[in-house]
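User: I have not looked at this structure before. Can you walk me through it?
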Amino acid sequence: MLLRKIIFILAVTAFLPLSAHADSLLPELPKAKKNYNDQTKCVEPVEVMRKSHMDFIMHQRDDTLRKGIRTKQHSLKECIDCHNAPGKDLKVASANDSEHFCSTCHVYTAVQIDCFKCHADKPENTQYRHKITSQAFKQHKFAAQNLNPKTLQLLATEKEGHK
Amino acid sequence: MSRKTNQSEGKINQYRRNFLARTTAIAGMTVAPGVILNSVAQAKPVDQPASNKNRWGLLIDANKCSSGCNSCVTACHEENGVTGFGNPETDAQWIRKVKLTDKQTQKVQTIPLMCQHCEHPPCVDVCPTNASMKREDGVVLVDKHACIGCRYCMMACPYGARSFLHEPTTEQKYPRGQGTVESCTLCVHRIDDPNGPRNPACVEACNAEGHKAMWFGDLKDPNSEITKRLKEYGGVQIRADLGLNTGVRYQNLS
């Protein structure tokens, strides 16, 4: 038992430097343009986004198309505007490129997404950067999960300053 | 007893005062120039759903529509990123110009024809996946997330207003995807503009061209330009016999 453990630890440490290396097989996510806010970084806490971003987008798409609710917090357009920023060479990746924010993980996990067969995969205006919205934050079922009341309050009171 | 009456009267007076104050404020807003003029109606807050208190529609004057002019079509396709693929038989047409010739007098008229945004849309009736849908405010749309491309709606539409997209798209402006049906959205992104509904691209282009043959507005608002014009001059539906109660009306059709 002990031997097995030692072997396991050895094996893990042997691979550690590899995974930290730039040529690692793990996806390297491009940086977002800006933090949504200091507490949550993204429009929801990062770990919530990693797990549930598809639910947010799915929820929002029905609200927007069928009801005409056009809040920006969970809109796919805003994801693209912030996460698919032009690189240092001022090129903007398209959904087929492995550098595209969505593709990096979706290629790695072999999950095919159809979003960009209809939706734009690049920001319309590359200078654009969104600011925090929205009234809907307080009520959202995912939003309330991992946040303390102070953070929620802060998020709810922040004004929409979109241009 | 009398005191009680006085009290309730006082309350009523208070209500009256509040009510009057509010109505005056609204009147003041409406009178103030430039405030309302830029937008067709009051803005819907972005986090609120479209409501059935509005019904968006178009009014088209066939006499003012110029036969040589195609600017509404160009503007629509420019606005919505509707590009052709060199296949004239299948390329999407969200709006097209239709030429009408009177057999007896040979009078020629042209009119723009697009989705008529029916109150009882046949395309919605036949859709097997509920992708073809009508918004609360009367805008008929295709939910491409649910569309399976069966094209029943295209067959059901008496106006031939819908198109099927055969080719894959890239660099699209608004969502457009291969294998789905699409049609005029009444520029729904402009209707939902946080600064208030704006004229659709076709109307804007028609005005810019100086023909001013199209009006956009709320058919349920008695004070909107479109309702006033309809009330004064009347307007007809194309294929009114079908009882679809279209949101697009025409004037001076011969």
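This is a predicted model: local features need pLDDT of at least 70, side-chain atom pairs count only at pLDDT 80 or more; totals for chains, interfaces and linings use all residues.

User: How many residues has the largest nonpolar core?
Analyst: It has 51 residues, and B:Ile60, B:Cys72 and B:Cys76 are among those with the most contacts inside it. Such a core is a set of buried Ala, Val, Leu, Ile, Met, Phe, Trp, Tyr and Cys residues joined through C-beta atoms within 7 Å. Buried means 20 or more other C-beta atoms within 10 Å of the residue's own, placed from the backbone.

User: Which helix gives the largest share of this core?
Analyst: Helix 6 of chain B, with 5 residues. Helices are DSSP runs of H or I, at least four residues, numbered from the N terminus.

User: What follows that helix?
Analyst: Helix 6 of chain B is followed by B:Gly210, whose phi is positive, near 90°.

User: And what does B:Cys76 touch?
Analyst: Leaving out residues up to four places away in sequence, B:Cys76 touches B:Trp94, B:Ile95, B:Ala201 and B:Cys202. Contact means C-beta atoms, placed from the backbone, within 7 Å.

User: Switching topic, how many residues does each chain give to the contact?
Analyst: Chain A gives 15 residues and chain B gives 18. On the side of chain A, helix 2 gives the most, with 4 residues.

Technical notes: Residues are numbered from 1 along each chain as its sequence is written. Chains are lettered from A and ligands numbered from 1 in the order in which they are written. A residue is buried if 20 or more other C-beta atoms lie within 10 Å of its own, exposed if 12 or fewer, and partly exposed in between; C-beta atoms are placed from the backbone. Helices (H or I, at least four residues) and strands (E, at least two) are DSSP runs, numbered from the N terminus. Two residues are in contact if their C-beta atoms, placed from the backbone, lie within 7 Å.
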